[in-house]
Amino acid sequence: MLDVLTLVTGVAALLLAAWCGWAAYRDQPTKDWHFIGMAVVTLLTLIQLVAGIVLLARGEKPEQGTTIFVAYLLGAFACVPAAGFMSLAERTRWGSVTVAAGGVVLAVLEVRLYDIWGG
């Protein structure tokens with residue numbers, strides 16, 4: 001798979017987690033600029049989803065199976081938007097904690113995607 005894209009997405013997810021974690025530490029809910037950061041990370045996961053599907057369509061196969069690879073791609077794509085929507089329901093510091101946790105989960109999913117592909 002695209003190793004650089006996986007690395008960039010994972011690092012961006014960790015940066016988002018740190019940023020929202022800092023907001024939670026300062027007792028702040030998610031703000032508009034946090035949602036811009038979430039949109040950037042989500043765009044990276046969308047690019048990764050499309051790239052993964054293109055690689056599969058070209059006949060390349062992940063080492064650990066296509067089904068689990070696609071499931072992880074879809075989970076990675078949905079992770080940050082789901083956390084963002086939950087943070088809208090919780091307009092306290094815990095909304096920021098939710099997004100920070102979503103960023104950490106996405107970073108772990110990226111490591112797992114790399115492993116599934118055969119990295």
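Leaving aside its neighbours within four places in sequence, Thr42 touches Phe77, Val80 and Pro81, where contact means heavy atoms within 4.5 Å. This is a predicted model, in which local features need pLDDT of at least 70 and side-chain atom pairs count only at pLDDT 80 or more, while totals for chains, interfaces and linings use all residues. Residues are numbered from 1 along each chain as its sequence is written, and side-chain values use heavy atoms, with hydrogens and water left out. Here is a friendly walk through the helices and the aromatic rings.

**Thr42 and helix H2**
- Thr42 lies in helix H2; helices (H or I, at least four residues) and strands (E, at least two) are DSSP runs, numbered from the N terminus.
- Thr42 counts as buried because its relative accessibility is 18%; buried means under 20% relative accessible area, exposed over 50%, and partly exposed in between, with a 1.4 Å probe and protein chains only.
- H2 covers residues 32-57, and its 26 residues reach 37 Å from first C-alpha to last, close to the 38 Å expected at 1.5 Å a residue; the expected span is 1.5 Å times one less than the number of residues.
- After H2 comes Gly59, with a positive phi near 100°.

**Helix H1**
- H1 (residues 3-25) has 23 residues that should span 33 Å at 1.5 Å a residue, and its end C-alpha atoms are 33 Å apart, so the two agree.
- Among the buried residues of H1 are Leu5, Thr9, Gly10, Leu16 and Cys20.
- Packing against the buried residues of H1 are H2, helix H3 (66-89) and helix H4 (93-117).

**Helix H3**
- The 24 residues of H3 should span 34 Å at 1.5 Å a residue; the end C-alpha atoms are 35 Å apart, which agrees.
- H3 has a kink of about 30° at Cys79, shortly before the proline Pro81; the bend at a residue is the angle between axes fitted to the seven residues ending there and the seven starting there.
- Buried residues of H3 include Phe69, Cys79, Val80 and Ser87.
- H1, H2 and H4 are included in what covers the buried residues of H3.

**Aromatic rings**
- There are 2 aromatic pairs, counted when rings of Phe, Tyr and Trp (its six-membered ring) have centres within 6.5 Å; planes under 30 degrees apart count as stacked, over 60 as edge-to-face and the rest as tilted.
- Trp22 and Tyr25 make a stacked pair, 5.4 Å centre to centre with 25° between the planes.
- Trp22 and Tyr25 are separated by about one helical turn because they are 3 residues apart in helix H1.
- Trp22 is partly exposed at 47% relative accessible area, whereas Tyr25 is exposed at 62%.
- Phe69 and Trp117 make a tilted pair, 5.0 Å centre to centre with 50° between the planes.
- This pair links distant parts of the chain, with Phe69 in helix H3 and Trp117 in helix H4, 48 residues apart.
- Phe69 is buried at 0% relative accessible area, and Trp117 is buried at 13%.
- The charged end of Arg93 sits over the ring of Trp94, 5.6 Å from its centre; the rule asks for NZ of Lys or CZ of Arg within 6 Å of the ring centre and within 35 degrees of the ring normal.
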